[in-house]
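Me: Could we go through this structure together? I have a few questions about individual residues and their contacts.

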Amino acid sequence: MKLSAAYLAYELEKLYALTLPSPLSFQPYLELSPLTINPTNLYEGGIFFFQNQLPAFDKYPSNCLIFYQGEKDTRSHFLSKHFIGIDSSLSYLQLYSSIFSVFKKVDDWEQSLMKSRLNGEPIHHLLKLSLPIFQNSMLVMGLDFTVVSKLFVKESPFDESVFGSGKETYSLLKALKNSTLYASLQDLDHFFFFPKEFIKQNCLCVNIKKFQKTGYRLFLLEDNLNLHPAFGFLLEFLADMVEHALSHNGVHSPDDKSINTIFKTLLTDKTADYMVISQRLSNYGWDSKDYYRCIALQTTPLEQENLTLKSTCQYLENILPHACVLPHHGFLLIYLNESLQTKEGLLEKSRQKLNNFAKSNHMKTGYSRCMQGHLNLRRQYIQASIAISMGSKKNPSSTIYSFNDISFDYILEQSTRILPGNMVCYQKLLTLKEWDEQNGSDYTQTLGCYLKNHLNAVQSAKDLNIHRSTFLYRLDKIKSILETSFDDTKEYLYLLLSFYLLDGEGLS
């Protein structure tokens with residue numbers, strides 16, 4: 001493997017006192033060649049050794065490394081080259097032997113990684129082979145914060161299978177999902193240091209892409225030795241090996257056989273057998289006799305772009321007992337087994353935690369009805385999403401909506417989805433409105449008051465601030481125009497509903 005001048009100098013400085021120029025190149029272009037002192041021919045990628053005065057070559061290779069003893073020529077064409085000064089007492093044979101050892105160590109590592117991939121070893125084995133090179137902890141994480149593999153020099157600082165799902169790390173996740181800087185990291189093609197504004201610990205990272213899109217990230221943590229950008233090209237090579245492993249070995253999802261998978265099937269597969277789903281839920285302790293509620297949290301496009309939803313789901317499951325949380329169509333859906341929560345006295349605490357979470361994350365929340373059994377779980381999701389969409393229209397300043405509070409509005413909206421209110425309302429009510437317009441009367445208002453007072457004439461007259469006999473006179477005229485006596489319950493409900501339908505269109 002070719003090495004960079006910066007990495008070779010980094011390794012040699014552990015053994016010798018070197019005089020280094022301004023930053024050496026991080027690009028790997030150096031190849032090991034036979035030891036030649038004071039060569040007369042320079043070439044690209046070569047490592048050269050000079051004693052005493054450096055000769056003035058007509059042209060120096062743009063990518064080479066020169067070790068020298070004695071004074072270095074200070075002419076301008078030297079200043080742009082890679083020169084490393086060494087002590088006059090250092091033997092070039094000793095120096096070359098050390099350089100050879102560095103190349104051999106990296107070559108052996110490269111060969112071990114290649115062999116590991118040919119044998120189909122897992123990603124963890126690649127990290128284990130790389131530990132002698134980096135001597136720091138390593139982590140492979142999906143852009144959705146799923147921890148694919150990890151190897152820690154010391155004890156692991158967290159036991160999360162999805163980063164950000166614990167109380168200690170969720171605050172970091174929250175900072176990341178709202179950061180445009182973090183989002184821009186997905187476009188980087190080479191190694192980079194993770195921004196310190198997010199975490200205190202230094203991390204050298206490489207994005208792992210597929211079809212030009214980042215899906216995973218390799219982290220080298222500064223938890224043992226100080227990190228140096230000279231390791232960047234080596235980390236990029238390890239990332240290539242990890243990418244190969246991801247492509248050929250696949251990644252096991254911790255949710256493959258979990259209760260989340262059951263709910264995903266329930267929500268996405270309209271042909272799913274509900275009896276099978278019910279049995280599978282019962283096997284997890286979610287009985288068909290238990291009571292359930294669905295709660296929808298409305299997510300933002302930024303959260304979806306930054307792929308933080310999976311971590312948030314795991315975090316909510318950690319703080320809410322007997323809950324299943326999953327993303328679906330722009331929502332985070334929370335299914336609560338309220339029977340189990342009530343049995344353990346946790347229901348009220350869970351509601352408070354959920355409300356605090358939604359408030360701190362500026363999320364609108366929709367609650368379905370609490371219903372028994374498994375057959376209505378998908379419909380409860382529809383209730384929760386409707387609660388948000390209709391509740392936001394009715395009361396935009398609020399953030400918490402219940403389907404029970406907007407169910408009547410939902411009925412009105414559904415009844416006028418195809419035809420407008422004036423075409424589905426009680427037809428003779430329109431006749432009564434025309435009568436008022438032609439004669440200057442207010443029979444429509446009188447009827448509306450009468451219906452809303454449950455056909456109570458005394459209360460209606462009082463509300464209208466008219467004498468009871470005046471009210472009765474109006475009522476007789478209304479009955480004559482409508483050709484009704486208000487004895488039919490269905491007719492009464494139809495008339496009352498018609499007023500709400502017309503109110504919604506501003507026609508009453």
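Me: To start with Y500, is that residue buried, partly exposed or exposed?

Reply: Y500 is partly exposed, because its relative accessible area is 34%, where buried means under 20%, exposed over 50% and partly exposed in between, with a 1.4 Å probe and protein chains only. Please keep in mind that this is a predicted model, in which local features need pLDDT of at least 70 and side-chain atom pairs count only at pLDDT 80 or more, while totals for chains, interfaces and linings use all residues. Residues are numbered from 1 along each chain as its sequence is written, and side-chain values use heavy atoms, with hydrogens and water left out.

Me: Where does Y500 sit, and which patch is it part of?

Reply: Y500 belongs to helix α21, residues 489-504, and together with F408 and I411 it forms a nonpolar surface patch with about 270 Å² of accessible area. Helices (H or I, at least four residues) and strands (E, at least two) are DSSP runs numbered from the N terminus. Patches take residues with over 30% relative accessible area and no salt bridge, joining like charges within 9 Å and nonpolar side chains (Val, Leu, Ile, Met, Phe, Trp, Tyr) within 5 Å; the areas come from the Shrake-Rupley method with a 1.4 Å probe, and for residues only the protein chains shown count as cover.

Me: Switching to charges, how many salt bridges are there?

Reply: The structure holds 11 salt bridges, each being a side-chain nitrogen of Lys or Arg within 4 Å of a carboxyl oxygen of Asp or Glu. One of them joins K105 to E11, with the closest N and O atoms 3.5 Å apart, and this pair links distant parts of the chain, since K105 is in helix α3 (residues 92-118) and E11 in helix α1 (residues 5-12), 94 residues apart.

Me: And which of those two is buried?

Reply: E11 is buried, at a relative accessible area of 8%, whereas K105 is partly exposed at 31%. Both residues also belong, with K14, to a network of salt bridges.

Me: What about R293 and E338, how far apart are N and O there?

Reply: The side chains of R293 and E338 meet in a salt bridge at 2.6 Å, N to O, which connects strand β12 (residues 291-298) with helix α12 (residues 338-343) across 45 residues. Both R293 and E338 are buried.

Me: Last one: where is N453?

Reply: N453 lies in the loop between α18 (443-452) and α19 (457-464), and it counts as buried because its relative accessible area is 18%.
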